[in-house]
Amino acid sequence: MSHSPSAGGKHSVGDFGEARLEGVSMIYEQEGEEKLVALEGLDFTVEKGKVTVLMGPTGCGKTVLINLIAGYEQPTTGRVFLDGKPVQEPGCDRLVVFQESALFPWMTVHSNVTFGCQVQGMAEREINEKAKAILKKVGLYEFQDKYPSQLSGGMQRRAELARALINDPKIMLMDEPFRGLDAMTRQLMQEFFVQLYEEEGRTNLFVTHEIDEAIFLADRLAIMTFQPGKIKAILEVDLPRPRQFKVMATPEFMKIRSHALDLLYEESSKALAAGQKSAFDLVGALASSKDSCQVPQ
Amino acid sequence: MSNSTSIAMRPAKTPSGQLNILCKKLFSMKNLRGLISCVVFVALWQMVIVFDIPYLKNLPFPHDVAANAASSAVTLEYWMHWALSLFRIFVGFIIAQLLGVPLGLAMGISKTFKEFSFPAFEILRPIPPIAWIPLAILFWPTRELSIYFLVFIGAFYIQVINSMQGVQNISVNLKWAAFSLGAKPKDIFWRILLPGSLPSIITGMTVGMGVAWNVLIAAEMIAAKGGLGRTTWESYTNHNIPFIVVGMVSIGLAGSLCSVLVRWVGKKAMPWTKKF
Amino acid sequence: MANAKQLPGAISVRHVSKVYDPEGVNVEAMRDCTFDIAPGEFTIIVGPSGCGKTTLLNAVAGFDNITAGEIYLDGELISSPKHQIKPDVDRMVVFQNGALFPWKTVMENITYGPIVQGSLNKAQAQAKARQMLEMVCLNGMEDKYPEELSSGVQRRVEILRALINEPRVVMLDEPFRGLDAVAKTVMHEFLMQLFCNSPRTMFFITHDLDEAIFLGHKVVIMTTRPAQIKKIVNVDLPWPRQHSVMNTKEYIDLKSEVMDAVHEEAIKAFEAGEREMA
């Protein structure tokens, strides 16, 4: 079950959570259809105590990678380890924050957040103490008796973070957690996430489509290739911490941004060759990429 | 965030302010238009009779119906019919839920069970409940039992299908999240699958209640002693035309009363669906 | 602006306020907003969610009225509490969640407007549509149905459908929301190209600050509700712009300026929202 950072004394939460994938392939076979190679021969390590962000074209297997580490799916070949131990089934040392909120709609915020503790049979008094601390931390203490549908999108995401954090996981698996939020809320959530990370130093694997989000949050930015999914490149994002939103308006940030965009272009154009609908967006890009448009007259 | 229908300036919560809002609501254009539609309807009804429109001239006058309703409402007999119909509905309906929900949930949870049971179920399901009437009368020792049975049939299939889909439609993410958090199969059933399928179950109850009333009225007209359907039919044979209309309206009222009740139960059972 | 040609499409917003009054509960969406959009100017509106940006768009488009002030288009009063002109093809709106007719092909979608208005016959409309599609590298798409296109291409077709009517003003309400980073970049280049080829007044609502500065002549920043003009930032970067402009000092300084203003409002909006829900 969950480890406690205070119990050992000398370990901090950032000393755990190294997820390693060795030669992982994931092949889906459906009757009557061509088999889909989502991942192939993937070697990848999520370094402990860091935020690793995954980007790549739609359909490159980012979510599959999350599911493998979470233990929801088993790889066709290869092995997945967490801190050296093979991953076999879901567990509360690796918690996922899903794309669309996966809060239980029929439970109040408090019941949602304490669900893990309850099913693990923790004592009620201890549960309530923990819940209070974590809800205060995410600023939802006054909202603990509300149902998810009564909360704004940003609050829902914070509740979901709290539900994971209360179990003190070794690694947080964030599968586009801020998708669907409006841009303002999204930015505030990013700042909240950065602050939380900088306080705790917990290992994070974060999937996103938003390039600014990716660079703002990341220590390492991994860009994946299109089917079969592999790691194309890993950019070290050495922007100083603690980070403020203003970092997005610095030359260093913009430099990493355009480098990452170039890499993404390449992959998306491969997706185009593979006939992906979404990749048609690139026709224009490749045609006019460097010499935009002519001035009239 | 403030993307809800939030409010920048609220009027002071004084009694006069609230009264003001209440008046505005009460005399809103919407309510006024609604009133007009009712008045026009009654006026048209009256005119149809006054102007001797062919085929429709046998309609009773609105005021005759109203008088008949008023005199019926003070008799015990009239209310006995109500009680009989409601009792039949509830017996059939509740048995349908007690059997339908577990069966549907089981089909939704276990693929193997579904593959065993669903095909047979699908052969019987398309038969309209009313088509069961002759067999039901032959089959059951008393008329009363056969009516319970027919009401049951009306609500049962719908509930099975809805419960099954309710389970199947629960997002896999919710189940995964629960597993990750350490939930065991019994937690998954009681705390995820059951509440997660509740909205669909309540929909099944609402729709089932409507069908149950259809079946009940048909069955009563053919086979019952007493009940709202029967008494309406009997007033046809007795040529008591105003009471036919009273009976019809009573059936409508009883039906909507039952669906209000179901919706109320749904609201109580699912506090999470009410917003703000 | 970029072009000295005599263009129509000057918008003047004068002391505009809007109070919604559902069932006697006042919601003040906008308060005393005044600003001008020059003809052929690419104007970007940014501000917190639900701050009344769309209210302004609705008033210019003719979907809704305002409760105080006036809005003029080329000197003609189009919106005031007493006077509200109807939606018309000279003020086209492109919505955030696509409104292409799914049962029509790309060609039929684009030519629909001019044909029903009778401004062009079918052959003329098709020729014009073909030319526009070619200009933005979308030729070959004519006979496809929207369903067969990616959302980015759908958005582009929708913009062309608006432009074929040669409106005086094109209004876009977060048109690229939900597209990924690469697709957005493509859309920006597409718009840049369209704009260079036929400049016209653009009224563009967005949340994306890079989008705002990259595309805009002028960025109007609004406050949280009730929406007021917080700041107007003129973007003096040369046209046509390429993405490399984002690495220049001028760009980064502008971004920093806009970001500060928007962030301040976002936090205010957030706190107000949190208070309201408690």
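Tutor: A residue is buried if 20 or more other C-beta atoms lie within 10 Å of its own. Keep that cut-off in mind here; the model is predicted.

Student: How do I read the two faces of a strand?

Tutor: In a regular strand the side chains alternate between the two faces of the sheet. In S3(C), Phe42(C), Ile44(C) and Val46(C) lie on one side, with Thr43(C) and Ile45(C) on the other, and both faces are covered.

Student: Which strand do 4 bridges join to S3(C), and does it run parallel or antiparallel?

Tutor: Strand S8 of chain C, residues 201-205, is joined to S3(C) by 4 bridges, and the two run parallel. Within this pairing, Thr43(C) is opposite Phe203(C). S3(C) also pairs with strand S9 of chain C, residues 218-222, again over 4 bridges and in the parallel sense. There, Ile44(C) has Val219(C) as its bridge partner.

Student: Now the helices. At what angle do H9(B) and H11(B) pack?

Tutor: Helix H9 of chain B (residues 185-223) and helix H11 of chain B (residues 241-269) pack at about 165°, their axes 10 Å apart. Angles over 145 degrees count as roughly antiparallel, so H9(B) is roughly antiparallel to H11(B). The crossing is right-handed.

Student: Which residues make the contact?

Tutor: On H9(B) they include Leu198(B), Met205(B) and Trp213(B); on H11(B), Ile251(B), Cys258(B) and Arg263(B) are among them. By class, the contact has 10 nonpolar, 5 polar and 1 charged residues.

Notes: Residues are numbered from 1 along each chain as its sequence is written. Chains are lettered from A and ligands numbered from 1 in the order in which they are written. This is a predicted model: local features need pLDDT of at least 70, side-chain atom pairs count only at pLDDT 80 or more; totals for chains, interfaces and linings use all residues. A residue is buried if 20 or more other C-beta atoms lie within 10 Å of its own, exposed if 12 or fewer, and partly exposed in between; C-beta atoms are placed from the backbone. Two strands pair if DSSP finds at least two bridges between them. Axes are lines fitted to C-alpha atoms, for helices over the stretch in contact, and angles run from 0 to 180 degrees between N-to-C directions. Angles under 35 degrees count as roughly parallel, over 145 as roughly antiparallel, 65 to 115 as roughly perpendicular and the rest as oblique. A crossing is left-handed if the near helix is turned anticlockwise from the far one by less than a right angle, and right-handed if clockwise. Two residues are in contact if their C-beta atoms, placed from the backbone, lie within 7 Å. Ala, Val, Leu, Ile, Met, Phe, Trp, Tyr, Cys and Pro count as nonpolar, Asp, Glu, Lys and Arg as charged, and the others, Gly among them, as polar.
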